[in-house]
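Q: Could you walk me through this one? I'd like to go from individual contacts to the overall layout.

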Amino acid sequence: MESNQQPGSLTVIGGQWGDEGKGKIVDLLSARVAAAIRYNGGNNAGHTVKFADRHFALHFIPSGIIHPQVRCYMGSWMVIDPKELLGEIDSLQDQGIDVMRRLFLSERATIILPTHRALDGAREAARGAGSIGTTKRGIGPAYQDRAQRRALTATLLTDPKRFGERAVQVMTAHNRELELLYDAEPVGLDTARDELEAAAARLAPLVTEIGPKILEHLTHQEPVLFEGAQGVMLDLFQGTYPFVTSSSCLPGAAAISCGIPVQTLGPTVGVMKAYVTRVGGGPFPTELTNAAGDHLRKRGNEFGTTTGRPRRCGWFDAAAARFAARVGGLDGIALTKLDVLDDLDEIQVAVGYRHPDGTIITEPPSDLEKLATLDPVYETLPGWRSNTAGTLEIESLPAQARAYISFLERQVGVPVVLVSTGPRRKETFALGDSNLASTLRRLAGGLDQPIQKR
Ligand code: IMP
C-alpha cells in the first residue's frame with residue numbers, strides 16, 4: 001500500500017475511544033514536518049505539551065505550533081469557538097510562540113456560539129441517566145446546526161458586523177429552545193454579540209482557503225501531518241453510536257475537511273493504549289470496575305485533560321481494535337503506555353465476544369443492545385513485573401512484554417510501529433524496518449536509535 005502513497009503525508013488517528021496519547025505522538029512527529037493539520041472536532045479535544053520547563057494547553061491548535069518552522073491549519077470539519085480559540089492563541093503568544101503568522105483557519109469551518117454551549121449542557125441534563133457525557137463545549141449542537149444548514153462559518157469572521165448580526169439571529173432561535181424546551185436561562189445576546197464581534201476582528205487574518213496551501217506543501221514533497229481528534233470508536237458513523245462525538249475521526253475525513261484529493265493522503269498510524277480507557281457514557285465491553293481498573297487509572301493517571309473526569313479503564317480489546325484497524329485503514333499502531341502494565345501478574349486481552357448461545361464474533365456489532373448481551377472472550381498473558389518505563393529498544397523489553405506486543409499485532413492484524421514507554425517525548429521508539437517505521441524515525445528526529453529489528 002505504501003509504495004503509491006504520497007511520501008510527504010502521514011495521518012495520526014485515535015484507534016480506541018480517544019485519549020490514547022495522540023498528543024505525545026503527534027508532538028513527537030511534528031518536529032520535522034512543514035505543516036500540521038487538525039481536521040475534526042474542536043475544544044472537546046485537549047492535551048498539554050511540555051516543552052523545556054513550559055506547559056502549553058492545546059485544544060484547537062495543532063501541537064506543531066510549538067515548532068517555529070511548522071505551519072498549522074484547522075480544517076473545515078472543525079468547530080471553532082472564537083473566544084476560546086483566541087484564549088489559546090493569546091496564551092501561546094504570551095509564552096513567546098509566534099502564532100498569528102503560522103496559523104490558518106478554513107473559511108468553511110463551523111462556528112460554536114455561546115448558545116451552543118448552553119444547549120449542550122441543557123440537553124445533557126435532559127437526557128438524565130442516558131446522558132452521553134459530552135464535554136459540554138457545544139460540539140454536538142454546533143454540528144447539528146451545520147447539518148441543519150443554519151450554522152455560521154468562519155468566513156463571516158472577516159466581516160465582524162455581519163457576523164454579529166447573523167449570530168444574533170441564530171442565538172435568538174437557540175434561546176427560544178433553551179427557554180421553551182429545557183426551562184433553561186437564555187444567553188445574554190448583547191454581551192455575546194460584542195464578544196463575538198471583537199473575537200472576529202482579531203481572528204479574521206487567519207481565515208483562508210486552506211486546500212491550495214496544503215496541496216502546495218504536498219506538491220513540494222514537504223512532510224505534512226494530519227491529526228485526527230478523538231478516536232475511531234467515537235466516530236459519528238463508525239463508532240458506538242449514539243455514544244460518540246459529532247464528527248468523523250477517520251483518516252478520510254482529513255481530505256474532506258481540507259478540500260484536497262483523498263489520493264494525496266499517506267499512511268495512517270492508529271494510536272492505541274496498551275489497555276483501554278473511555279470517558280463519558282456508552283458501551284465498554286472490557287471495562288474493569290474492580291481494583292485492577294483502579295490500578296490502571298492511578299498508575300496511568302487516567303483523568304481527562306479537558307474536563308478532569310476520571311476515565312473508565314479496562315483490558316485491551318482486540319476485537320474493537322481489529323474493527324478500528326479495518327475502518328480506519330491502519331498501516332501501523334503506535335502503542336502507548338506500555339509501562340502502565342508493569343506491575344501486573346497477568347494481563348487479559350479480549351480477542352472476541354461470545355453470544356449467549358456460545359457463538360463467537362470477532363468485531364463489535366453496531367447494535368448496542370446486542371453488544372450488551374455479549375461477553376468478552378479473554379486470553380490471559382503473563383505480566384512482566386519489571387520496570388519498562390523509559391525503555392528505548394525492543395531488545396531491552398522483558399520477553400513477556402515483547403510477547404504481549406506480538407500478540408496484539410497478531411490479533412489486530414496490524415504491525416506495531418511505535419512504542420511509547422513514558423510520558424516524555426524521548427521515551428518512544430520506532431519498531432521494524434518498514435517504510436512507515438523509517439518515516440516515523442525521520443519525522444521524530446530525536447528518535448536516533450538504530451533500527452529496531454525483530
Ligand atoms: P462531545 O464531543 O463533547 O459531544 O462528547 C461526546 C463523547 O465523546 C463523550 O463521551 C466525550 O467524553 C467523548 N469525547 C469527546 N472528545 C473527546 C476526547 O478528546 N477524548 C476522549 N473522549 C472524548
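Q: Which residue does Arg 425 meet in a salt bridge?
A: This is a predicted model, and in it the side chain of Arg 425 meets that of Asp 27 in a salt bridge, at 2.9 Å from N to O.

Q: And where do those two lie, and what does the pair tie together?
A: Arg 425 lies in the loop between β19 (416-420) and β20, whereas Asp 27 belongs to helix α1 (residues 22-29), so the pair ties together parts that are 398 residues apart in sequence.

Q: How many salt bridges does the count come to?
A: The count comes to 25 salt bridges.

Q: OK, switching to domains: how is the chain divided?
A: Domain 1 is made of two segments, 9-101 and 209-443, while domain 2 covers 110-207. The C-alpha centres of domain 1 and domain 2 lie 29 Å apart.

Q: How much do domain 1 and domain 2 bury between them?
A: They bury about 2200 Å² between them, with 60% of that on carbon and sulfur atoms. On the side of domain 1, Val 79, Pro 82 and Leu 86 supply 25% of the area buried against domain 2, which is more than any other three residues. In terms of contacts, 30 residues of domain 1 touch 22 residues of domain 2.

Q: Which elements give two or more residues to the side of domain 1 that touches domain 2?
A: Those elements are β6 (79-80) and α2 (82-94), and α2 gives the largest share of that side, with seven residues.

Q: New topic, the sheet: what is the strand order?
A: It is an open sheet of ten strands with mixed pairing, and the order runs β9-β7-β5-β2-β10-β1-β11-β15-β19-β20. The edge strands, each pairing on one side only, are β9 (207-208) and β20 (428-430).

Q: In what sense do β5 and β7 pair?
A: Strand β5 (residues 71-74) and strand β7 (residues 103-106) pair in the parallel sense, over three bridges, and Cys 72 stands opposite Leu 103 in β7.

Q: Last one: which strands does helix α7 lie across?
A: Helix α7 (residues 210-219) lies across β1 (9-14), β2 (35-38), β5, β7, β9 and β10 (224-227), and runs at about 140° to β5.

Key: Residues numbered from 1 in each chain as written. Predicted model: local features only at pLDDT ≥ 70, side-chain atom pairs only at ≥ 80, totals over all residues. Heavy atoms only, no water. Pairing = 2+ DSSP bridges. Helix = DSSP H or I, 4+ residues; strand = E, 2+ residues; numbered from the N terminus. Contact = heavy atoms within 4.5 Å. Axes fitted to C-alpha atoms, helices over the stretch in contact; angles between N-to-C directions. Domains from an automatic or database assignment. Buried area = accessible area lost by both parts, 1.4 Å probe. Salt bridge = Lys/Arg side-chain N within 4 Å of Asp/Glu carboxyl O.
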